[in-house]
Amino acid sequence: MESENINPSFPENDEFEPQWRAHFSAPAIPDEGFSERVLAALPSVENRPIERRRRWFCAVGLVAGVAISALGLIISNDSSPSLPQFVNGGTAAAAQFFSDPVMLALGLTACSLWFAFRDRWRLLPRW
Amino acid sequence: MNDSELIARALVRQDQTAFGELVRRHQSPVRHFLRHLTRGDTALADDLAQETFVHSWRNLTRFQNRSTFSTWLLGIAHNHWRNARRRQRTQPLEPEHLDTLDPTPSSAPLSDLRADLRVALTSLAPDEQTALHLCFQQGFSHGEIAEILGWPLGTVKTHLNRGKEKLRPLLLSWNPKT
């Protein structure tokens, strides 16, 4: 079907163009209940694949947040060296921030929410 | 409210009413296109059109504003038609090429000419018919046709060129000014 490109320079508009459009134009097909049939056939919002993925991302983010927060609490209560000490220079401040289990959990939640709903951010109005 | 706003409402608020408005706006070109592809089988065309809209609802998040909504829809419709043809092994479009049309001059009135053009169109190769249908019946640009059918732009132009060259004698004989 995807055939050869014989004459790519053929002009888009020629002198016949208005006539072609006038003679080929077809009247619009009346709806006659088609839209209602389509709406009746739509799957519920909850069953849309994107919604299922959202639920998964949020659930995984929640579980990961709780797990890592718990781990952070254990580490901070431990006598072993804390996380920031392993991180050098520029990332030290961030590591310090996220070494707080609550902040870490909040960060994870924000990341998972952003990832789950990333398709919607582009729909927000630009300021 | 334009298409983009309706799409945003359908996505953000899960608003089926907004999507219903999109269906009402675009059902005619989609059903026209599928009727063309199915050679006038209106029942099959409407089934495929319904599948097209349901698919678009499920995958609305994948719609990028790089193309128009109708271009995106017709691309889905074309894919559904190809899948249905493969699945059901329905009568494939015959790859017949009739190289020339009868260039006999005619003094037919407009309505007759239109009927003649319809008949003449069926004598073209399927790809030429589809390209002409999208260009002249639906009013899409060459770039949009390329996007809908997944063809290179040059291929679209070639099919349109060939189709028009075959039909041109009919218009020339009808309109002495050209």
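Tutor: A residue is buried if 20 or more other C-beta atoms lie within 10 Å of its own. Keep that cut-off in mind. This is a predicted model.

Student: How many residues of α6(B) are buried, and what follows for the helix?

Tutor: Apply the cut-off residue by residue. Nine of the 12 residues of α6(B) pass it, so the helix is largely enclosed by the rest of the structure.

Student: Which residues of α6(B) are the buried ones?

Tutor: They are B:D127, B:E128, B:T130, B:A131, B:L132, B:H133, B:L134, B:C135 and B:F136. Look just past the helix too. There B:G139 has a positive phi of about 75°.

Student: What share of chain B is buried?

Tutor: Of its 178 residues, 41% are buried.

Student: How do I read contacts by sequence separation?

Tutor: Take the contacts in chain B between residues at least 6 apart in sequence. Of these, 62% join residues at least 24 apart.

Student: What should I expect of nonpolar side chains?

Tutor: In soluble globular proteins, they tend to be buried together. Now the case here. The largest nonpolar core has 38 residues. Those with the most contacts inside it are B:V30, B:L34, B:A49, B:A77, B:A131, B:C135 and B:I145.

Student: Which elements give two or more residues to this core?

Tutor: Chain A supplies α2 (34–41). Chain B supplies α1 (3–12), α2 (16–37), α3, α4, α6 (126–137), α7 (142–149) and α8 (153–174). The top contributor is α2(B), with seven residues.

Student: What does B:V30 touch?

Tutor: Leave out residues up to four places away in sequence. B:V30 then touches B:A49, B:T52, B:L73, B:L74 and B:A77.

Student: How do α3(B) and α4(B) cross?

Tutor: Start with the axes. Those of α3 (residues 42–58) and α4 (residues 69–88) of chain B come within 9 Å and cross at roughly 125°. The two helices are therefore oblique to each other. Their crossing is right-handed.

Student: Which residues make the contact?

Tutor: From α3(B) come B:L48, B:A49, B:E51, B:T52, B:H55 and B:S56. From α4(B) come B:L73, B:I76, B:A77, B:H80, B:W81 and B:A84.

Notes: Residues numbered from 1 in each chain as written. Chains lettered and ligands numbered in written order. Predicted model: local features only at pLDDT ≥ 70, side-chain atom pairs only at ≥ 80, totals over all residues. Axes fitted to C-alpha atoms, helices over the stretch in contact; angles between N-to-C directions. Helix = DSSP H or I, 4+ residues; strand = E, 2+ residues; numbered from the N terminus. Parallel < 35°, antiparallel > 145°, perpendicular 65-115°, else oblique. Left-handed = near helix turned anticlockwise from the far one by under 90°. Contact = placed C-beta atoms within 7 Å. Core = buried A, V, L, I, M, F, W, Y, C linked by C-beta atoms within 7 Å.
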